[in-house]
Structures are given as structure tokens and as C-alpha cells.
Amino acid sequence: MIILPLQRSVPLVRYSAQCYIAADAITHKGVFMRSSTHLFPAALAGFVAVLVGYASSAAIVWQAAAAAGANAQQIAGWMTALGLGMGVSTLALSWRYKAPVLTAWSTPGAALLATSLHDVTLAETVGIFVFANALILLCGVTGLFARLMKLIPHSLAAAMLAGVLLRFGLQAFTHLDGHFVLCASMIAAWLVAKALAPRYAIVATLLVGSLVAWLGGDVVTNNVTLSIVIPTFIAPEFTLTSLISIGLPFFLVTMASQNAPGFATMKASGYPLAVSPLIVATGGLALLFSPFGVYSICIAAITAAICQSPDAHPDSSKRWLAAAAAGIFYLLAGLFGGSISGLMAALPLSWIQTLAGLALLGTISGSLYQALNHEAERDAAIVTFLMTASGVTILGIGSAFWGLVAGGICYTVLLRARRA
């Protein structure tokens, strides 16, 4: 009577353990499968971010290098060094902070250089890079820039981000006039996928747009060749006139029009990371590789918003995977820096801008909601949004900076008026 139940209890315990192990395996398999379904949109977001970054401003970087007197081989080397620098910094910082920290070159800085370097030698140009990146590193070490960033209210940061991204959102529809079939098919694919499978809306948009562009003969691959170019070291030369007339404005433009919006974007997206360590890391890396053509490595704003959106990953703590994917694509783009111009020319501009605009719609709407959600700060936020969206440039500094200034003044005046 006693022995029989004991003998039977042993197989029952073993059976229960086996069931537990099997159930645990099934649970882990389900988690793995769910994680796998999120990895592809994250990787795609990283790809789109890099594609948009290169497509929107690679030509400006080439113009800046050409203005400095660099030949085609040297320019390709600069593109290689920039791609590798952005790839390493994006991967390292995203892994370190487990947050979508995307870096980029300074597009406003490149535009300034393209119009200012015509009478400057290549060695003096590198000297300007060293000087400006050293000042950026100094701002990070002293913590000055971090103290300035803490003064920006969250509603104004969100309004500035919405203003910066507005023209990209508009570009999702402006190409309907002239490229109706391509753009309408992409918008339709986005809408249908957004209704049926929101996570894959941009995937569907990319695939449908690629197919339509290919069938329409808009993808030209004749000039696309894979080539690896090793960056060459250029010894810097320092002249007082070039450092003051170009280096100092370049430093101010980079900090005000690239790094400031970059940190504001992270803050508006829910990633208020410490400012100074990131400035030290990006500024120090750019300074180290300045003699190889790395004129800047900054915190990205527009492209980072793609990796920081819910479309990249539904879990905000896992969106760093999208930035990590962007870092890998940066490295690939860097390895084949000599092929970037041919690749950009192969893709239709309407395809790139429509894809970017649709990818940023969620971020734009979320930013506007955050900016206008608080009635007491709404007036200051709308001033920030409109000033930023205007695209005005004053004293060589872009509208994102002046949007924050104008909104900050309104915020302070109206806040004091209400307290009086």
C-alpha cells in the first residue's frame, strides 16, 4: 500500500519536469520568434536612416571637399573615413548606452565649407577640421554644452524636432506632381500596410517603391561599381585668418545646427542621455581622424528620428538595435566610399524622399503632440515649430537654432507674465 504510490510518484515527478522543460522551451521559442519579427523592422530602419543621410547630403560633402581642392581619389578617401567613423561611433555608443544613439556628419557644416573653402589649401582645410573638432571636444570636457542643453524645455525640443522634420514629411507628397505612379504606389502601400500590419509599413513601402521604380526604368546601375579606397593622411596647416573666418563659424554651426538638434531629438524621443560624454566621444573621434578627411562626427537628428520611432521597434528599450544596424550599414558604406556617388545616382530622388517622408510621419505627429499638449507652453512651442520650419539662416546659423532661441524667449516672457 505504501510502496506502490511511492513507485508511481517517481515517473510522475519526471513527467512533470519534462513538461516544465518542454513548456519552458516553447516559451523561449515564442520569445525568440517574437524577437526575430522585430529585428527586421529595426534593421530596415537602420538601413533607411543611412540611406536618407547619404542621399540627402553626400553631394554636399563632395562639394565641400572639391571646394578645398581635393581630387576624386581623396574625396573617396574622405567618404571612407567618414563612413567608418560614423559606423564605429554609432555602434559603440548605442551598445554602451543601450539607446538609439545615431551619429552623422554635419550637413550644415558641410554646406558652410562648400561655400567658404575656395581660396583655402587642402592642408589649411584639414587645419580647420582639427581646430573646430578640438573646440567641440573642449565643450564636452568642460560641460558647457550640457549646461546649455538643460535649459531647453521638453515642449520646445519636440517643437523644434517637428519643425526640422516637416519638410521631409512634405516631401512624401510633393513628388506626386511629376512622379505620380511611383509616389502614389508607395503611399498606397504604406497606407494598406499601416492598416493591416503597421510594423511592416515601411518594409512594404520600400519593396513596392523599388519594384515600381525598377519596372519604370528609374533605377540606373550603369555607374555603380564596388571599390575600396584607403584614406590618405594630410598634415594640417594652421593660419589665423582661416581659423577665425571659417573654423570658428564652422564650429558654431556644427554645435548649433547639428549637435543641438541631435540632443533635442533624443530628448523628445524619450532618451535624455548625458550630453558631455557623447560630445567628448564624437568630438574626440572626429579630432583623431581629422587628417583623414573626417570634418565632423555629430549626434544625428533627422536620421536618428527614424531609429527612435515606434516603427523601428515597439519596445523603446530595444530601439538601439536599429541604431546598431545603422552603424553596420555605415561601416559598409565606408568600406565602399568610392561607390557612394554612383549608388546615390542609381536611385530616383523621388523614391528616396518619399520613403524618408513616410518613415518620419509617426515621429512628426508624436513630436507635434508633445509640443502642443501643454496649453501653457503652446504659444512658445508653435513659435519654435514655425521658426524652425521656415528654414531661415541668420549669421550662417540654421533655423533649428533660431527656433529654439525664439521659442525660448517666448517661453520666458509668457511664463513671467503668467506669474505676475
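Trainee: In which helix does Tyr54 lie?

Mentor: Before we look, keep in mind that this is a predicted model, where local features need pLDDT of at least 70 and side-chain atom pairs count only at pLDDT 80 or more, while totals for chains, interfaces and linings use all residues. Residues are numbered from 1 along each chain as its sequence is written, and side-chain values use heavy atoms, with hydrogens and water left out. A helix here is a DSSP run of H or I with at least four residues, and a strand is a run of E with at least two, both numbered from the N terminus. With residues 3-67 making up the element in question, Tyr54 has its place in helix α1.

Trainee: Is Tyr54 buried or exposed?

Mentor: The terms rest on relative accessible area, calculated with a 1.4 Å probe on protein chains only: under 20% is buried, over 50% is exposed, and in between is partly exposed. Tyr54 has a relative accessibility of 2%, and therefore it counts as buried.

Trainee: What distance separates the C-alpha atoms of Tyr54 and Ala104?

Mentor: Along the chain, Tyr54 and Ala104 are 50 residues apart.

Trainee: How many helices and how many strands does the chain have?

Mentor: The chain has 420 residues, and buried residues make up 49% of them. Among the contacts (heavy atoms within 4.5 Å) with a separation of 6 or more, 83% join residues 24 or more positions apart. The chain's elements come to 17 helices and two strands.

Trainee: How do α2 and α12 lie relative to each other?

Mentor: Helix α2 covers residues 72-97 and helix α12 covers residues 320-335, and the two pack with their axes 7 Å apart at an angle of about 160 degrees. Axes are lines fitted to C-alpha atoms over the stretch in contact, and angles run from 0 to 180 degrees between N-to-C directions. Under 35 degrees counts as roughly parallel, over 145 as roughly antiparallel, 65 to 115 as roughly perpendicular, and the rest as oblique. The two helices, α2 and α12, are therefore roughly antiparallel.

Trainee: Which residues does Gly327 touch, not counting residues up to four places away in sequence?

Mentor: Gly327 has its place in helix α12, and its relative accessibility of 0% makes it buried. With residues up to four places away in sequence left out, Gly327 touches Gly87, Thr90 and Leu91.

Trainee: At what angle do the axes of helix α4 and helix α10 cross?

Mentor: Helix α4 holds residues 122-142 and helix α10 holds residues 275-288. Their contact includes Cys139 of α4 and Gly283 of α10, and α4 and α10 are therefore roughly antiparallel. The axes come within 8 Å and cross at roughly 160 degrees.

Trainee: How many disulfides does the structure hold?

Mentor: Cys139 is buried, with a relative accessible area of 13%, and Cys183 is buried as well, at 0% relative accessibility. A disulfide would be a pair of cysteine sulfur atoms within 2.5 Å. The number of disulfides in the structure is zero.

Trainee: What is the phi of Lys98?

Mentor: Lys98 sits in the loop between α2 and β1 (103-104), and at 37% relative accessibility it counts as partly exposed. Although Lys98 is not a glycine, it has a positive phi of about 50 degrees.
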